[in-house]
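Dear colleague,

I am handing over the structure below, and my notes on what was found in it follow directly after.

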Amino acid sequence: QVQLVESGGGLVQPGGSLRLSCSASGRTISTYTMGWFRQAPGKEREFVAAITWNSGTYSDSVKGRFTISKENAKNTVYLQMNSLKPEDTAVYYCAAALFGGRFDYWGQGTQVTVSS
């Protein structure tokens, strides 16, 4: 149904910032709960953040540093990442869930590397 493409990843120094974008096509993101997940080398994929129509939720590890947002008119979801730490290094994935459903739709991921 919905196709998701992440962008904005790259190399950033500790304490720096990046903004990831998730461009959706095929369906409007207003139909979905949108989320960000990440998978670090050797670790399980973990939840980062999600946004419903009126609120965002965050994992404890990123709360206060990351902000999820969306622009429905652009069919795009963002993850603003501030105060980045080396442990934030991971492939970041955008995901979509129909309201009341699972995150069944995933992007290809974008690499975020936090290193000096």
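Arg-38 is buried, with a relative accessible area of 4%, where buried stands for under 20% relative accessible area, exposed for over 50% and partly exposed for anything in between (1.4 Å probe, protein chains only). Please note that this is a predicted model, in which local features need pLDDT of at least 70 and side-chain atom pairs count only at pLDDT 80 or more, while totals for chains, interfaces and linings use all residues. Residues are numbered from 1 along each chain as its sequence is written, and side-chain values use heavy atoms, with hydrogens and water left out.

Arg-38 sits in strand E4 (residues 32-39); helices (H or I, at least four residues) and strands (E, at least two) are DSSP runs numbered from the N terminus. Its side chain makes a polar contact of 2.9 Å with the side chain of Asp-88 and another of 3.3 Å with that of Ser-61, a polar contact being a pair of N or O atoms within 3.5 Å in which, within protein, one must be able to donate a hydrogen and the other to accept it, and residues adjacent in sequence count only if both atoms are side-chain atoms.

Turning to the cysteines, there is one disulfide, defined as a pair of cysteine sulfur atoms within 2.5 Å, and it joins Cys-22 to Cys-94 with an S to S distance of 2.0 Å. Because Cys-22 lies in strand E3 (residues 18-25) and Cys-94 in strand E9 (residues 90-98), the pair ties together parts that are 72 residues apart in sequence. The torsion about the S-S bond is about -80 degrees, so the disulfide is left-handed, and both Cys-22 and Cys-94 are buried.

Best regards
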